[in-house]
Amino acid sequence: MTCPRVPDRVSKHLVLMARPTKQALMLVADALLLAFAVWVAYVIRLGEWFVPNRSQVLLMIVAPLLAMPVFLKMGLYRSVIRYLGEQALWSILKGMSLAALLWAVLAFMTQMTGLEGVPRAVPFLYWLLGFALVAGSRFGARWLLWLPTRSRFSGKQVLIYGAGNAGRQLAESLRRGRDLFPAGFLDDDRSLHGKDVGGLRVYPPEHLPTLLERFDIHDVIVTLPSASSARRREVVASLEHYAVRVRILPALTDIANGRHLVNMVREVDIGDLLGRDPVAADPTLLGRCITGKAVLVSGAGGSIGSELCRQIAALQPGSLILLDASEHALYQIHRILQSVLGCELVPCLGSVGDAALVSRLLVKHRIATVYHAAAYKHVPMVEANVLEGARNNVLGTLALANAAFDAGVETFVLISTDKAVRPTNIMGASKRWAELVVQGLARQAAARATGQRFCAVRFGNVLGSSGSVIPLFKEQIAQGGPVTVTDAEVTRYFMSIHEAVQLVIQTGSLASGGEIFLLDMGEPVRILDLARNMIRLAGYKVCDEATPEGDIEIILTGLRPGEKLYEELLIASSNGVGTSHPKIMKADEPSLDQETLDDLVEQLRTALKARNEATVRALVMHIAGDQQSGEGGANIAEV
């Protein structure tokens, strides 16, 4: 029972020694080993037990005396044994070669050899044995020092993908911690394979299956901070096939001075697997509508709205007004911003549909820019609550936009969705109607030459936002499955919340009035593939026909009411027009004349007042049919 504790006690005692004491101990150990090496060299050469005479004893004593200055010059006593790497072998080899040469010269060129002389093979054997003993003692000590640590971290060892500077710093940080222990590096550089970096062996990635079993590895940390997003995606995708949890070090721009790397390691975000690199923001566009101005954000407590508020706060607005109908959400974002915002911060509890409230806010605070993020956006929920979806998304947008027009707001940005393109559900159709409302007010502003700009921003699914499939998948995986996917062929566009909000802010600066902006989002992502990737990244196997022993099953549930297989960013008959930003386009799409739009709004108000769900549904969906090739909408004459 006490035996396993002995290495732990020895290791702890050695680690706690003062640095000079450790160096003195190494000097004494090397001296004894080199004297012993000379004696063994004689024994091997003579082939019998050897008792040295006085002259030969003197030669054995001189050997370490000649070697010690050489070793000191080579820096053999500056290295830390626990972190000794393969490069130390070269230093030991050079030091031992020079020490053996000096000893041989002394032995053959002086009278210290005695009557028997020194056999010619002895200096060579001394060099060989001395190198083996000095190197072996150091690496043996390293093994002894790490033995208790490795046993303590059994089952908690990790492999680090990338043996560069970031990987080495991470390994050193992990060694000082208590949660994980680095077992080695994986790297694509063939010149590093089989070598030691910072005391850890570098392995080729194809050895991963063997390493998982040998070291009981459950985690791999990818440290490629200067690599492109495409390269990181490629590496993460190659690790998906193994039963390990994959984590990733942030990009180089997110790391300050290489410190606190352990805290910066995060779980692989599904954003790391997107089919494109994030769209870079244009700094000249970010602050144009915000810096020094009064800004209002509706839906400020939501996933998009709260990120909007955070980024706006960093751009130094004159004041920031937070409008949200949820008390809890408003409290949370107000509490967060209080500690970082150095300007006036006003929380306002209320609905965008309250025309008197929003009008009073805009006038009182002299709002220059409005970001309208308040909306009901969960497709099945809006489909089941048609009246409230239409009231909030259509009439709420109308009330806020009209109040902004009357108050002389300079810039109004509506946050729309790709579901507004040829919509097959109430949520998408109501957001398309909101776009038409904004386009109508842009025409009025142009006709009256007010200089006001009304525009909309249309983008795909936002990773991690409320209603997004990502949080649902994470929750289902955490519960052990099954993961539910509506259809095997469903695809969606994705972007990060941070990227989406940067787009929103920049489009306000690009707008001249009436535009619908959209982002170059690359290729759509298949939701089934997304589910498989998330299961694998969580360290589980997908249970299917090919692997019935897998951990988590994926179930196809069928499309929900109003759900489409494919999302689009442009109406089929329209074309995207470029802007000054290489990744932002304008949608050249039709709009309703003002008289028709006003008439439809009045009909919608009447139907909502009567709580006639069938009429409201037909009216909202009529926008889709009337505007986009007559597909999916009702004929207004039938309403």
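Which residues of β1 are buried on one side, and which on the other? Gln157, Leu159 and Tyr161 are buried on one side, and Val158 and Ile160 on the other. The legends below cover this strand and several other sites.

The model is predicted, so local features need pLDDT of at least 70 and side-chain atom pairs count only at pLDDT 80 or more, while totals for chains, interfaces and linings use all residues. Residues are numbered from 1 along each chain as its sequence is written, and side-chain values use heavy atoms, with hydrogens and water left out.

**View 1. Strand β1 and its two partners.** Strand β1 spans residues 157–161. Helices (H or I, at least four residues) and strands (E, at least two) are DSSP runs, numbered from the N terminus. Because 5 of its 5 residues are buried, β1 is largely enclosed by the rest of the structure. Buried means under 20% relative accessible area, exposed over 50%, and partly exposed in between (1.4 Å probe, protein chains only). In a regular strand the side chains alternate between the two faces of the sheet. Both faces of β1 are covered. Strands pair if DSSP finds at least two bridges between them. β1 runs parallel to β2 (residues 181–186), joined by 5 bridges. In that pairing, valine 158 stands opposite proline 182. With β5 (residues 219–222), β1 pairs over 4 bridges, again in the parallel sense. Here leucine 159 has valine 220 as its bridge partner.

**View 2. A nonpolar patch that includes leucine 101.** Leu98, Leu101, Leu102, Val105, Phe108 and Met109 form this surface patch. Together they have about 580 Å² of accessible area. Areas come from the Shrake-Rupley method with a 1.4 Å probe; for residues, only the protein chains shown count as cover. Patches are made of residues with over 30% relative accessible area and no salt bridge; like charges are joined within 9 Å, nonpolar side chains (Val, Leu, Ile, Met, Phe, Trp, Tyr) within 5 Å. Leucine 101 is found in helix α4 (residues 87–109). Its relative accessible area is 51%, so leucine 101 is exposed.

**View 3. A negative patch that includes aspartate 593.** Asp593, Glu595, Asp598 and Asp599 gather on the surface as a patch of negative charge. Lys and Arg count as positive and Asp and Glu as negative; His and the chain ends are not counted. The place of a charge is taken as NZ of Lys, CZ of Arg, CG of Asp or CD of Glu. Aspartate 593 sits in the loop between β23 (584–587) and α20 (594–609). At a relative accessible area of 43%, aspartate 593 is partly exposed.

View 4. The whole structure holds 12 salt bridges. A salt bridge is a side-chain nitrogen of Lys or Arg within 4 Å of a carboxyl oxygen of Asp or Glu. Arginine 310 pairs with glutamate 307, their closest N and O atoms being 3.6 Å apart. The two residues are 3 residues apart in helix α11 (residues 303–314), so about one helical turn separates them. Arginine 310 is partly exposed at 35% relative accessibility, whereas glutamate 307 is buried at 15%. In helix α15 (residues 386–407), glutamate 388 and arginine 391 also lie 3 residues apart, about one turn of the helix. Their side chains meet in a salt bridge (3.4 Å, N to O). Glutamate 388 is partly exposed at 34%, and arginine 391 is partly exposed at 30%.

**View 5. A salt bridge between distant parts of the chain.** Glutamate 489 forms a salt bridge with arginine 526; the closest N and O atoms are 3.7 Å apart. Glutamate 489 lies in the loop between β15 and β16 (491–492), and arginine 526 in strand β19 (residues 525–526), 37 residues apart. Glutamate 489 is partly exposed, at 40% relative accessible area. Arginine 526 is partly exposed too, at 28%.

View 6. Most residues other than glycine have a negative phi, and most peptide bonds are trans. The peptide bond from glycine 481 to proline 482 is cis, with omega near 0°. Proline 482 is found in the loop between α17 (469–478) and β15 (483–485). Arginine 422 has a positive phi, near 45°. The loop between β12 (411–417) and α16 (426–448) holds arginine 422. Alanine 449 also has a positive phi, near 55°, and is found in the loop between α16 and β13 (453–459). Its relative accessible area of 68% makes alanine 449 exposed.
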